[in-house]
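Try each task yourself before reading its solution.

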Amino acid sequence: MIDPVTSAASRRKTARWIEQLPVARDRPVAGSITMLAIVVVAWLLRSAADPLLPPGFPYVTFFPAVIITSFLFGVRLGSVSALLCGLLAWYSFIPPDGFGLTRGTGFALAFYLFVVVTDLALVHWMQRANSQLAAEREVNRSLADTRELLFRELQHRVSNNLQVAAGLLTMQKRQLTDTGERTALDEAAGRLALIGRISRQLYDPSGASQPLVPFLTELCLSVVEASGRHDVTLNVTGDDRLRLMPDAAIPTALIVAEAVANALEHGFADGKSGRIVIGITQAADGGPRVTIHDNGHGLPAHFDAETSTSLGLRIATTLARGQGGRFWLEARDGASATLTLPPNTLAAMPL
């Protein structure tokens with residue numbers, strides 16, 4: 001069975017080679033010598049096949065010689081090849097011998113002229129089209145490079161601006177004395193910095209879908225590292241084929257980051273060590289399901305997510321609903337946060 005990837009690569013390689021025709025443009029002597037060799041070979045083959053052929057086939061080997069020459073070296077050398085092949089056929093294989101001219105000879109030469117002119121015109125138009133296609137491909141490549149450069153610069157500037165805004169909030173915090181206000185600014189600065197990191201991680205000018213497992217692994221590791229908690233281990237498991245649509249990437253990342261940050265802040269408060277396990281699966285309805293479980297202190301007694309004043313929980317719940325999904329917490333050997341999203345947030349899985 002032919003590999004589709006290999007077949008496509010072979011077709012692209014062949015197309016690129018065809019676009020380089022005619023060859024030897026800057027080496028006319030080499031092209032002329034090769035053209036003469038092709039004409040001689042055609043004449044020798046026609047001479048060798050003459051006893052085997054019935055009358056009336058004087059150009060049987062000369063037509064391919066003209067086509068090959070014009071295809072490889074262009075219409076100019078192809079025209080010279082057509083002239084030489086016509087003269088050789090007229091002299092050697094069209095009765096009467098030599099350059100005799102009769103009504104039949106005139107008809108045969110007219111037929112030859114019509115065919116070779118048509119062949120040369122078709123080859124010329126094909127090579128012009130290939131040349132224009134190659135030029136357009138080069139323009140498209142240049143535009144794609146420019147687009148990628150501009151996208152990279154825009155992504156870099158947006159991320160830097162978010163980092164600057166986070167820094168300004170941190171500076172503003174120093175002027176406050178109220179503990180609640182300082183905490184609120186700390187959380188806002190942290191979220192802005194997180195969005196900036198996510199923006200850098202999501203860089204892809206083509207807008208390709210994100211592989212969910214490595215994407216969330218890198219994100220959650222950065223959250224744990226930023227917290228300075230070296231006594232909490234992180235483990236992310238799941239189906240590596242699951243890919244998240246670009247529009248769903250940032251909200252999903254913020255929800256999962258909030259859940260991990262909440263586990264670090266509350267589940268492992270007072271210096272408690274432990275582990276956070278993140279499981280990424282596909283739910284029964286086909287959408288992604290992300291579970292963040294920690295073996296920390298667990299949820300407070302009589303915890304009610306609906307009446308909770310936690311800003312992080314409200315943000316995660318709102319972002320999940322905005323995507324048509326759901327986010328909730330439950331006590332289970334510690335605490336477990338679950339995010340479910342609709343199937344349209346997943347891209348098609350590779351085979």
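## Exercise 1: A pair of helices

Task: Find which residues of helix 2 meet which residues of helix 4, and describe how the two axes are arranged.

Solution. On the helix 2 side, pick out Gly31, Ser32, Met35, Leu36, Val39, Trp43, Arg46 and Ser47; on the helix 4 side, their partners are Leu77, Val80, Ser81, Leu84, Cys85, Leu88, Ser92 and Phe93. Next, sort these contact residues by type: ten are nonpolar, five polar and one charged. Keep in mind that you are looking at a predicted model.

Now turn to the axes. Helix 2 covers residues 28-49 and helix 4 covers residues 75-93; their axes come within 10 Å and cross at roughly 25 degrees. Angles under 35 degrees count as roughly parallel, so helix 2 is roughly parallel to helix 4. Finally, the handedness: this crossing is right-handed.

## Exercise 2: The largest nonpolar core

Task: Work out which elements give two or more residues to the largest nonpolar core, and which residues in it touch the most other members.

Solution. Start with the members. The core has 36 residues, and those touching the most other members are Val260, Ile276, Ile278, Ile280, Ile292 and Phe327. Then trace the elements that give it two or more residues: helices 7 (212-227), 8 (246-267) and 9 (311-322), together with strands 2 (232-238), 4 (274-282), 5 (288-294) and 7 (335-340). Helix 8 is the top contributor, with ten residues.

To finish, zoom in on Ile278. Setting aside residues up to four places away in sequence, Ile278 touches Cys220, Leu234, Asn235, Val236, Thr237, Val260, Val290, Thr291 and Ile292. Another core lies apart from this one; it has 23 residues, including Ile38, Ala42, Tyr112 and Leu120.

## Exercise 3: Stepping back

Task: Describe the chain as a whole: how many helices and strands does it have, and what percentage of its residues are buried?

Solution. Count nine helices and seven strands. Of the 351 residues, 35% are buried. Then look at contacts between residues at least 6 apart in sequence: 68% of them join residues at least 24 apart.

Conventions:
Residues numbered from 1 in each chain as written. Predicted model: local features only at pLDDT ≥ 70, side-chain atom pairs only at ≥ 80, totals over all residues. Heavy atoms only, no water. Axes fitted to C-alpha atoms, helices over the stretch in contact; angles between N-to-C directions. Helix = DSSP H or I, 4+ residues; strand = E, 2+ residues; numbered from the N terminus. Parallel < 35°, antiparallel > 145°, perpendicular 65-115°, else oblique. Left-handed = near helix turned anticlockwise from the far one by under 90°. Contact = heavy atoms within 4.5 Å. Nonpolar A, V, L, I, M, F, W, Y, C, P; charged D, E, K, R; others polar. Core = buried A, V, L, I, M, F, W, Y, C linked by side-chain atoms within 4.5 Å. Buried < 20%, exposed > 50% of the residue type's maximum accessible area, 1.4 Å probe, protein only.
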